[in-house]
Amino acid sequence: MIEIVGARTIAHVGNAGRFGRFVWQTMVASTRSCVTTRAYPLIWTQMNLIGVRSVPIIMITGAFVGMILGVQAYDQLASMGLEERLGVLINISVVKELGPVLAAVMLAGRVGGALTAELGTMNVTEQIDAVRSMGTDPIRYLVAPRVLACLLLTPALIIYADLLGILGGYFVGVVQFKINSWAYWSFSASGVELWDVVVGVIKGFFFGAAIAVISCYKGFTCKEGAHGVGQACTEAFVASFISILALDYALAVIFKAIYNTFWPVRSLV
Amino acid sequence: MMVDKDKRKVKKDGKRSGKSVSDRNGIIVLKNLTKKFSENVVLDGISLTIEKGKTTVVIGPSGCGKTVLVKHLIMLLRPSSGEVYFKRRRIDNLDEKELNRVRTRFGFLFQGGALFDSLSVAENITFPIRQHFEIEDWSQVEELVKTKLAMVGLEGFQSFYPANLSGGQRKRVALARAIALNPEVVLYDEPTTGLDPIRADVINEIILKLQRELAVTSVVVTHDMTSAYKIADRIIMLHHGKIIADGNDEHIRNHPHPVVQQFINGQVNEDDLAVLRASGTIFQAQFLPRDFEE
């Protein structure tokens, strides 16, 4: 029993060490890629694959988040005669929490899965070894462009999710539940600050980096065969999802502390 | 006076009958190389000198560590213990950045070709060039691609993608990529595996042609004895992580070790036969239609 626990502990510590080294190498390689013009086409290609092609799915996600929030919250607010404040509730939830988190979860599924599958297949077919055998650092060539593309474009995608979330909430509130349009926007404008939008967008940098690094690591370390690649994809999504939630919690605490330091506490309604 | 025993075994025509040459003649030298994966010892104290300009073929049954051995020559795998030298410089203790410079002097043909799926044939071949040189004149690069493809008999395939190529064509493109930087050493991992005899012989001829025209040092991992006899200046056989035979084709053909004879003649050994006999006949192991009749 002790032997099994010990062996597993050693294995987990070893895995954590390998992941830590991978993250460090990725940070160094990404920093270098930022100042190497030769790396820009690679980053650009990944931006297209990761960012541009994710726009429709992210927009759909954002729109439904706003609409569902509207449907669920309307009755509660209407019972207190506060239905005109529906926009505040929807918009602050969308821009601060649900927009970034659900957009990131969607990206973890769409982009993270693709990254793990692609790099995992390259790993089992010795393409990563081929990159190394030709004197090229695979982290610099394969990982850094993907991480940079995810890092830079996740915040942009979150803005799209926010925008569609706000429009979705507006559609439900004003078109479906006939709330006065002027009141809806007026209360929204007074309740949602630039800070809330900025917090959501900043979260995107962290979520994007986490999704890309975890997915690339799982691809680089996946076991042989179709089962190995499939398992790596599953592990990458689960690890990304948990990381997004953990990061969201940590960032919420940090940003709240920062906000409370500089501005007084305010009420939503 | 000490006399190098190995030197006395070198034949007049330059071909050796057995044992390794001295380190001075070697472009790659392995000293007491051991590789373990967990508790599994794959290479067990291998000492070997690869001669410059010659073709050394490593044979052995599947899983005996041939690929692991060849990957150690450019440090795609790090040894558990032992030393690896390239041109008298120790490389097993170099960091990845320094190793990348050393690796540009090698070409590696992987078993499945390991071509990049997302790149065309031309882009695959120019990959190492684009990574290591600032290209100003693309017409020169196009000319180089044309030349390399002509060397492997695939003129006009520049715009094809790996998915559109046959297994043999992929290996030839991979070979063109491996020689793109005019390497001093080319490592081949099972170059003829999975190919029909004619395609396999095409690969053999290309390996010989490269050695003749570019004077490269070749290390070939294979279990194809036809190929080994055709291209080898020296054949090494691995078994249970150790070298059990080392010499030219004649030496290997007449080697007294029973495992060597079984391998080169493709014979199953008595122990395996005993297991097969004990497991019953195929007829007994099969269900017949009458087994399902009431």
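In the predicted model, Arg88(B) sits in the loop that joins β4 (81–86) to β5 (89–90) of chain B. The phi angle of Arg88(B) is near 70°, a positive value although the residue is not glycine. Arg88(B) is classed as exposed because 10 other C-beta atoms lie within 10 Å, and a residue with 12 or fewer falls in that class.

A positive phi is also found at Glu190(B), again a residue other than glycine, with a value near 50°. Glu190(B) belongs to the loop between β7 (185–189) and α7 (197–214) of chain B.

Chain A contains nine helices and zero strands. Along the sequence, the order of elements in chain A is α-α-α-α-α-α-α-α-α. Along the principal axes, the C-alpha atoms of chain A occupy a box of roughly 65 × 50 × 40 Å. Chain A has 269 residues, of which 46% are buried. When contacts in chain A between residues at least 6 apart in sequence are considered, 88% connect residues at least 24 apart.

The largest nonpolar core comprises 140 residues, and the members that touch the most others are Val147(A), Cys150(A), Ile211(A), Leu187(B) and Met237(B). Helix α4 (residues 86–124) of chain A supplies the largest share of this core, with 17 residues. In soluble globular proteins, nonpolar side chains tend to be buried together.

Met237(B) is in contact with Ile59(B) and Gly60(B), with Ile243(B), Ile244(B) and Ala245(B), and with Ile252(B), Val260(B) and Phe263(B).

The contact between the chains draws on eleven residues from chain A and 17 residues from chain B. On the side of chain A that touches chain B, two residues are nonpolar, five are polar and four are charged.

Key. Residues numbered from 1 in each chain as written. Chains lettered and ligands numbered in written order. Predicted model: local features only at pLDDT ≥ 70, side-chain atom pairs only at ≥ 80, totals over all residues. Helix = DSSP H or I, 4+ residues; strand = E, 2+ residues; numbered from the N terminus. Buried ≥ 20, exposed ≤ 12 C-beta atoms within 10 Å, placed from the backbone. Contact = placed C-beta atoms within 7 Å. Nonpolar A, V, L, I, M, F, W, Y, C, P; charged D, E, K, R; others polar. Core = buried A, V, L, I, M, F, W, Y, C linked by C-beta atoms within 7 Å. Lists of a residue's contacts leave out its neighbours within four places in sequence.
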